[in-house]
Amino acid sequence: MFNPQKATGEWQTLDARHHLHSFTDPTLIESEGSRIIVRAEGSTVWDNDGREILDCMAGLWCVNIGYGRRELSDAAAAQMALLPYYNNHFQSASPPMIELAARLAGLTPDTINHFAFANSGSEANDAIARLARQFWQLQGRVTKRTIISRTMAYHGSTVMGSALGGMPHMHAMDGGVSNEVVHIAHPHWYLYGEGLSRDEFGLKAARALEDKILELGAENVCAFIGEPVQGAGGVIDPPSTYWPEIQRICKQYDILLIADEVICGFGRTGSWFGSQTLGIQPDFMPMAKGLSSGYLPVAAVGIHDRVYNVLADGGHLAHGYTYSGHPVACAVALANIDIIENEGLVARVRDDIGPYFMAALDKLVDSSPIVGERRGIGMMAALQLVKNKDTRELPTLTDNASIFCRDYCYNEGLIVRAVGPSIVLSPPLIYTHAEVDQTVDILGRALDATAKKLGV
Ligand code: PMP
């Protein structure tokens with residue numbers, strides 16, 4: 001059996017020898033070694049040397065209920081003993097997938113009543129690209145194929161997921177965007193507002209979609225995809241005018257609207273879904289991460305009735321993964337939803353810990369000379385680092401400000417993330433007030449050190 005007890009150096013050597021990491025420069029693994037995390041409880045993880053680190057990223061924005069919940073491991077063990085695997089192909093189903101689909105229908109907007117399953121957010125978005133194009137094809141509108149997305153969007157790492165995303169470094173890796181995807185600018189008021197109020201800018205940013213549709217011809221446009229609040233692009237919460245205008249444009253030009261809920265879903269914004277917080281009525285809702293709080297890989301695609309009705313009349317559906325609706329993953333997702341519901345975590349984010357977290361971060365905007373703005377809602381936030389608050393001059397790559405700040409936090413026992421010149425935070429929804437205080441305390445010191453390094 002696998003022996004988890006090895007010295008850190010041994011793990012690092014084996015790791016460097018055999019493992020290609022995600023989103024990492026392999027030379028760093030060889031020169032510095034990887035961080036070996038071995039155990040977790042609540043909002044805290046421990047490394048192989050017993051060092052305690054507060055996880056203000058909930059893993060990768062996913063461990064919404066916190067670590068170490070026995071209800072989920074018990075659900076997995078029970079389901080694994082009963083039925084470790086069966087699929088949903090060729091007219092088959094198992095009770096956990098049926099129950100999960102029904103449960104999700106009760107949590108999502110009234111118009112969303114059918115769910116397709118996948119194993120990751122990327123796969124969910126791949127599935128949507130196929131289903132959305134099929135929706136139009138089945139109605140004889142075969143040219144409606146182009147999907148419009150946004151710069152700095154993140155929709156996954158598969159071929160379609162990375163094309164849908166708006167990350168230049170990801171596009172560069174495999175030779176540019178393909179797959180009939182185009183991008184409009186993301187609605188980042190602080191950087192691109194140029195004298196407009198937030199609301200004016202929200203309308204302007206949304207109308208870039210209309211311009212793009214007119215340029216391409218609505219008869220060629222399949223869908224618009226957006227995260228209610230852009231996450232991995234730097235927690236970009238749009239002005240309140242943005243989504244209603246996007247909604248109007250999609251309706252006017254008969255374009256499907258995809259709200260990527262992979263981060264925003266399951267309470268993170270203070271509603272079950274970001275679409276509810278921001279007033280979006282999507283045709284497709286991909287979800288993953290918080291669906292199982294990351295305990296097992298599982299994703300789902302919520303499908304609007306008007307889309308389902310067309311697909312349902314389209315004959316044999318040539319799509320599916322071996323593990324679509326995996327019974328163990330679905331049983332774990334159900335146990336996770338039970339906890340979110342029974343412990344009132346959504347209301348906790350909306351009324352208690354979310355406002356407390358934002359207020360604590362706002363104090364850093366006031367106290368630090370290098371924090372230009374705090375963005376975010378609920379339990380997802382970003383601090384925008386600047387060299388000059390008046391001119392909004394950003395640190396350059398060579399200033400290395402956000403990475404320095406992130407690493408300072410890590411060395412002090414706090415996990416945050418650096419996205420461009422921003423520090424990003426997305427703690428578990430069970431984060432305590434004391435953990436918020438500890439976060440802000442460490443972050444405050446990290447920002448002071450970063451300001452000093454920048455000479456501000
Ligand atoms: N969509 C969004 C909004 C995401 O944040 C992510 C992952 N960070 C994905 C899709 C892709 O999900 P996965 O990594 O599970 O494939």
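A polar contact is a pair of N or O atoms within 3.5 Å; within protein, one atom must be able to donate a hydrogen and the other to accept it, and residues adjacent in sequence count only if both atoms are side-chain atoms. The model is predicted: local features need pLDDT of at least 70, side-chain atom pairs count only at pLDDT 80 or more, and totals for chains, interfaces and linings use all residues. Residues are numbered from 1 along each chain as its sequence is written, and side-chain values use heavy atoms, with hydrogens and water left out.

The side chain of Glu227 reaches the backbone nitrogen of Gly231 at 2.8 Å.

| Residue atom | Ligand atom | Distance |
|---|---|---|
| Gly121, polar backbone atom | oxygen | 2.9 Å |
| Ser122, polar side-chain atom | oxygen | 2.5 Å |
| Lys289, polar side-chain atom | nitrogen | 2.9 Å |

Elsewhere, 4 strands (DSSP runs of E, at least two residues) form an open sheet with mixed pairing, in the order β1-β2-β3-β13. β1 (37-41) and β13 (414-415) are at the edges with a single partner strand each, so one side of each has no neighbour in the sheet. Strands pair if DSSP finds at least two bridges between them; β2 and β3 run antiparallel and are joined by 3 bridges.
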